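Let us take a walk through a protein together. Have a look at the chain first, and then we will go through some of its features step by step.

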Amino acid sequence: MKKTNTITLLGNEAIAYGLADGGVRFASAYPGTPSTEIMETLIKKFKTRMNADWASNEAVAMEEAAAAAIAGTDSAVMMKSVGLNVAMDPLMTLALMGVTSAMVIVVGDDPGMHSSQNEQDNRNISKFSGIPMFEPSSIQECYDFAREAVQFSRKFKIPVFLRSVTRISHEMGQLELSPPVVNDIEPYERDPSRFVSIPGNARKNKSRMMKIQREIDEYVQEKKYYREYKIGKGNEYLVITSGSSSTFAHDALSYFGFNAHVLVPGLINPFPSNRFVELCSDYENVIVIEELDPFIEEKITILAYKNKLNINIIGKDQGITSIEGEITGEILMENLARYFNLEHEIPKTLTADQKALLKIRPPVLCPGCPHRSSYVAIKKALRKDQPIYSNDIGCYALGFLPPHNTADTLVAMGASIPMATAIAISRPEHTSVAMIGDSTFWHSGVSGITNAVWKGANLLVIVLDNLATAMTGDQPNPSANKDPEDSLVDLSIEETCKGMGAWVRVINPMEYKDTQRLIDEAKAIKGVKVLILREPCALNVVKEAKIKKVKLPLIAINDNCNGCKLCITPLGCPALSLNEDNIAEVDPELCNGCTFCQKLCNRDAIEVVSR
Amino acid sequence: MNIIITGVGGQGTVSLGHLIGNIAHNSGLRMIAAETHGMSQRGGSVIFHLKIGDERSPLIAKGQADVIISGEPMEALRVLEFLKPNGVVITNTHTILSPVAVQLGMNYPDILDIYRVIEEWPAKLYTLNTGEIIRRLDIPRGENLVLLGVFMKLGIFQVSADTVEQMIINRWPKFAENNLKALHAGYDVLSEQITN
Ligand code: SF4
Ligand code: SF4
């Protein structure tokens with residue numbers, strides 16, 4: 001039967017519990033899938049134990065956590081894979097100067113790119129920066145390693161990484177909690193010769209850090225930050241695997257009944273080199289099972305050369321795993337079967353004819369989403385202006401899909417404005433449009449406006465302001481605070497842009513005609529024009545209506561409808577379609593009652609009714 | 001036992017997955033689960049993997065699921081490759097075509113073709129219109145609990161009905177009566193389909 005002290009949590013929740021129980025007292029983060037729920041859990045459950053709040057971007061979050069830890073407060077910072085790029089500048093210097101208490105950097109990688117613009121393997125950043133990295137492979141390890149990372153960081157006074165991946169962060173499983181630790185709070189002590197990184201100090205820091213890294217390397221060899229187990233007799237193969245990959249390795253190797261000794265480093269950098277070399281005296285064939293880059297494989301290749309090990313490494317080149325995408329059970333089983341000539345029935349697949357029954361179902365903007373209305377108005381107003389749309393990261397990136405097709409490029413958080421600036425300068429025959437959300441504006445849009453105004457560029461910046469960080473599940477941002485109880489202060493996008501010298505207007509994009517008129521007005525003006533299209537995220541409109549117990553309106557189609565699709569084609573609302581009689585039809589379950597479709601109908605066929 | 005729960009974003013697929021996962025946990029079973037969906041918006045395909053037993057990886061491998069529970073027929077077909085031969089598929093019959101598919105001029109396939117492919121997999125197929133059942137019961141929501149009821153009544157999920165009902169009551173105390181109605185309606189649907 002079930003042990004009474006086990007609970008179920010998501011990986012990200014378990015990480016949050018581990019950080020809190022490990023003694024963290026200051027936490028900062030910028031939301032990003034798959035890391036978002038860590039900060040959400042800290043805010044929801046542990047606000048009494050620590051200062052935990054969102055930051056305006058990842059570099060800011062990193063710098064906050066660093067300062068807290070330099071001043072003696074155990075801290076943590078969370079971000080997604082690509083968020084780490086934003087925070088690289090402070091990170092690389094922190095890696096040399098260290099901190100005075102604990103600092104844990106949690107990074108959520110996204111193999112398979114479920115919700116990211118690239119597939120970077122941040123284990124490489126651990127090697128690049130010299131910052132040690134833990135990698136949990138289960139919900140229990142999410143908790144245990146987060147706790148351990150705090151203690152490890154305290155011991156060596158350096159930042160420590162905890163790397164998760166989508167599969168682990170969003171996995172739900174069982175774990176047992178342990179009593180929280182209470183770390184001593186040290187008084188603040190000045191040490192400018194270490195923490196003021198001018199070249200002379202930086203050189204000293206580097207020598208110091210090289211020494212600490214040698215100490216750490218020795219320490220981890222003894223401390224055994226790894227697990228080992230045997231499958232079958234365990235005498236034929238040595239298998240090295242870690243993190244999420246190790247779970248798929250466990251299942252596939254057990255399924256085939258390999259005789260394998262499995263080594264799972266929980267700390268992947270520094271690597272348990274001594275143990276590995278020791279084990280190699282008993283094994284000739286070493287299988288490496290790891291997702292994305294050959295990180296472990298390259299490490300053991302070097303170890304094999306330096307230690308003159310007589311081993312065969314079976315990994316990426318042998319097709320055991322790929323550098324691309326996520327590991328899944330069936331792919332790993334198939335690869336192992338192919339290389340080792342194992343009997344294995346390839347799972348049955350649907351035939352092409354059967355698959356033809358499946359119609360695409362990508363994520364789409366919600367019914368009633370203000371971005372949809374914005375896009376309809378923008379496209380209509382700019383239809384003759386050869387627009388080039390530099391889009392950005394948020395729900396609105398779905399404008400890439402038909403019917404809107406309002407994205408020519410999308411590269412990185414805040415990239416829309418600088419890219420649109422260069423388009424404005426280099427291709428003046430086109431109308432250059434940047435589209436950016438409110439949270440992304442504060443994240444890294446402000447510097448883009450600074451640059452564009454400075455250069456006197458002629459571009460239209462559309463701020464799709466839905467008063468939320470919607471894509472990651474409605475977090476606050478500087479102009480969209482959620483909780484009137486907390487101490488966060490409201491900022492103004494319009495005042496900020498005006499202050500920088502841009503032409504600025506604010507309008508509700510549900511006002512279809514007025515929005516077009518303002519875009520026309522903006523077109524006639526030279527310079528940086530910022531048009532803020534402000535209307536709350538439809539999910540929040542629905543939520544608010546529920547709380548206030550008011551019914552949202554509903555639309556109904558009357559006999560005037562002739563099936564012209566003027567409401568359906570440009571809008572693409574999931575709630576609207578043409579029925580079998582070629583007449584527009586609304587799905588009342590899906591319709592959020594935004595009434596925008598009514599504005600597109602020129603036969604008065606759409607009526608607003610009550611529910 | 002391996003269970004795939006699927007549906008269209010907005011149907012509460014992940015919540016149903018978490019509920020069944022917690023039922024397993026409260027019944028003393030070892031479980032592990034994972035959700036796969038892209039961005040958090042509505043309308044995309046959502047797949048939830050739930051494994052009960054000793055495996056460590058959170059995803060079910062193709063050909064290894066015992067049951068598929070689906071909120072939409074085409075989504076049941078989309079995950080069919082996960083199902084073991086002779087596994088069970090429970091699906092809501094209400095069809096949803098993505099607005100993007102509509103834009104691209106695609107039509108919803110003949111639903112009978114979908115059923116035929118599922119049955120020829122081979123699989124035991126149970127179909128029901130959860131929306132209609134909820135309307136008949138005159139309760140505002142609970143479509144997923146109807147699906148859960150069908151699944152429970154199959155008798156392959158070795159947990160007690162009392163545990164499940166108690167959990168539903170504890171989770172949403174204010175809606176306990178309606179939720180239990182929905183669950184029981186699911187039990188009845190299965191009894192009817194078996195006798196038919
Ligand atoms: S979550 Fe909000 S902003 Fe995102 S698509 Fe839905 S309505 Fe639009
Ligand atoms: S009112 Fe029209 S556009 Fe708005 S959600 Fe309903 S059907 Fe869609």
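A surface patch of charge, as the word is used here, joins like charges within 9 Å of each other, taken from residues with over 30% relative accessible area and no salt bridge. Keep in mind as we go that this is a predicted model.

K380(A), R383(A), K384(A) and K513(A) together form a positive surface patch. One of these residues, K380(A), sits in helix α16, which covers residues 370-381 of chain A. K380(A) has a relative accessible area of 35%, so it counts as partly exposed.

A negative surface patch is made up of E215(A), D217(A), E218(A) and E222(A). Among them, E218(A) belongs to helix α10, residues 199-223 of chain A. Is E218(A) buried or exposed? Its relative accessibility is 58%, and because exposed means over 50%, E218(A) counts as exposed.

E63(A) is partly exposed, at 42% relative accessibility.

Finally, let us look at some cysteines. C142(A) has a relative accessible area of 0% and is buried. C395(A) is at 12%, and because buried means under 20%, C395(A) counts as buried too. A disulfide is a covalent bond between the sulfur atoms of two cysteines. How many disulfides does the structure hold over all chains? The count is zero.

Definitions and conventions
Residues are numbered from 1 along each chain as its sequence is written. Chains are lettered from A and ligands numbered from 1 in the order in which they are written. This is a predicted model: local features need pLDDT of at least 70, side-chain atom pairs count only at pLDDT 80 or more; totals for chains, interfaces and linings use all residues. Side-chain values use heavy atoms; hydrogens and water are left out. A disulfide is a pair of cysteine sulfur atoms within 2.5 Å. Buried means under 20% relative accessible area, exposed over 50%, partly exposed in between (1.4 Å probe, protein chains only). Patches are made of residues with over 30% relative accessible area and no salt bridge: like charges are joined within 9 Å, nonpolar side chains (Val, Leu, Ile, Met, Phe, Trp, Tyr) within 5 Å. Accessible areas come from the Shrake-Rupley method with a 1.4 Å probe; for residues, only the protein chains shown count as cover. A salt bridge is a side-chain nitrogen of Lys or Arg within 4 Å of a carboxyl oxygen of Asp or Glu. Lys and Arg count as positive and Asp and Glu as negative; His and the chain ends are not counted. The place of a charge is taken as NZ of Lys, CZ of Arg, CG of Asp or CD of Glu. Helices (H or I, at least four residues) and strands (E, at least two) are DSSP runs, numbered from the N terminus.
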